[in-house]
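This report describes the overall dimensions, the annotated domain and the nonpolar cores of one protein model, shown here.

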Amino acid sequence: MSLCLVIDEMHPSLPDYMQEIGVQLHYRPELTAAEVPAALAAHPYDGLMVRSKLRVTVELLAHGPQLRYVARAGAGVDNIDEEAMAAAGVTLLNAPEGNRDAVGEYAVGLLLGLFRNIVRADKEVRSRQWRREANRGEEIGGKTIGLLGYGHMGRAFARRLSAFDCTVLAHDHDPAVLADKYATLVGLEELQQRAEVFSLHIPYSTANHHFVNEELLQGFEKPIWLMNTARGEILDHAALVRNLQSGQVRGAALDVLENEKLGTLKPEQQARFDYLTNAANVVLSPHVGGWTFQSYRRINEVLAEKLRVFLQTGF
């Protein structure tokens, strides 16, 4: 039987799923990040289940020499040192299938919110302003939507866009990624030539820190609407603000920010945040694209199945 330490809050269905596949849980969501190394060392855990409480590093793994797997309850693995995991012979399991539908739906909502001024109009009506012409919007139909990244999240968004009679282009650096009926795969240059909306769907890594920067944004032939439901660090927020000010970015919908711990913003981050929160053509939300009641449970289902296969086969 596998013994797994769980250090973050999980959907209450987790114990039942794990019992079915022979995994014994030590459920310790009350642990702080600083307490996890000692907890790992206290028992012969072969598994660790996390969300985003701490970084999985060389130093952390040294406290759990018997670890065989780390299960990330979610899609992003930017808090996990994959090189350290590989060097230690520890397998990484994550669950992008668990919340891809939630993200796909939410991205459509953000795009509609951006195009139809829904957030601004709501605030105006609540303050007894009835401004119809000022809130005349854009339609998704007929637009060319460019997706950066065509993995689970990009595909989920593209599938939902198919109902809107728009053109969807996708660029992915991985040559193994295949096109489907919902999007056409193109090079980045062609995407920049044709896209009117630019939506980010790539995972964060040090290699793509600020991948979307001044040069990339200026490379679009048309002014664009920008959406980010991936990770804030992919986007250079200083470049975003400059391009919003110049009109190269017509509007932005951001579910993620460069620093989501709003009480720790550096002065330059605070200045950018203040601009974004006061801009009428910017829609903001607190990293909730994948955050639904359904995805909360489904992530457990996905992890349980992947863990079952791993425990049976070692892969």
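## Burial and overall form

Of the 315 residues of the protein, 49% count as buried, where buried means under 20% relative accessible area with a 1.4 Å probe and protein chains only. This is a predicted model, in which local features need pLDDT of at least 70 and side-chain atom pairs count only at pLDDT 80 or more, while totals for chains, interfaces and linings use all residues. Residues are numbered from 1 along each chain as its sequence is written, and side-chain values use heavy atoms, with hydrogens and water left out.

## Annotated domain

UniProt, in an unreviewed entry, lists residues 108–289 as "domain: D-isomer specific 2-hydroxyacid dehydrogenase NAD-binding"; such annotations may be inferred rather than shown by experiment, and the positions follow the numbering used here, with feature names shortened. The end C-alpha atoms of this span lie 10 Å apart, and the span is 34% helix and 16% strand, with helices (H or I, at least four residues) and strands (E, at least two) taken as DSSP runs numbered from the N terminus.

## Nonpolar cores

The largest nonpolar core has 31 residues, and Phe198, Leu200, Val212 and Leu240 have the most contacts inside it; a core is a set of buried Ala, Val, Leu, Ile, Met, Phe, Trp, Tyr and Cys residues joined through side-chain atoms within 4.5 Å. To this core α10 gives the most, with four residues. Apart from it lies another core, of 23 residues, including Leu110 and Tyr150.

Notes: Buried means under 20% relative accessible area, exposed over 50%, partly exposed in between (1.4 Å probe, protein chains only).
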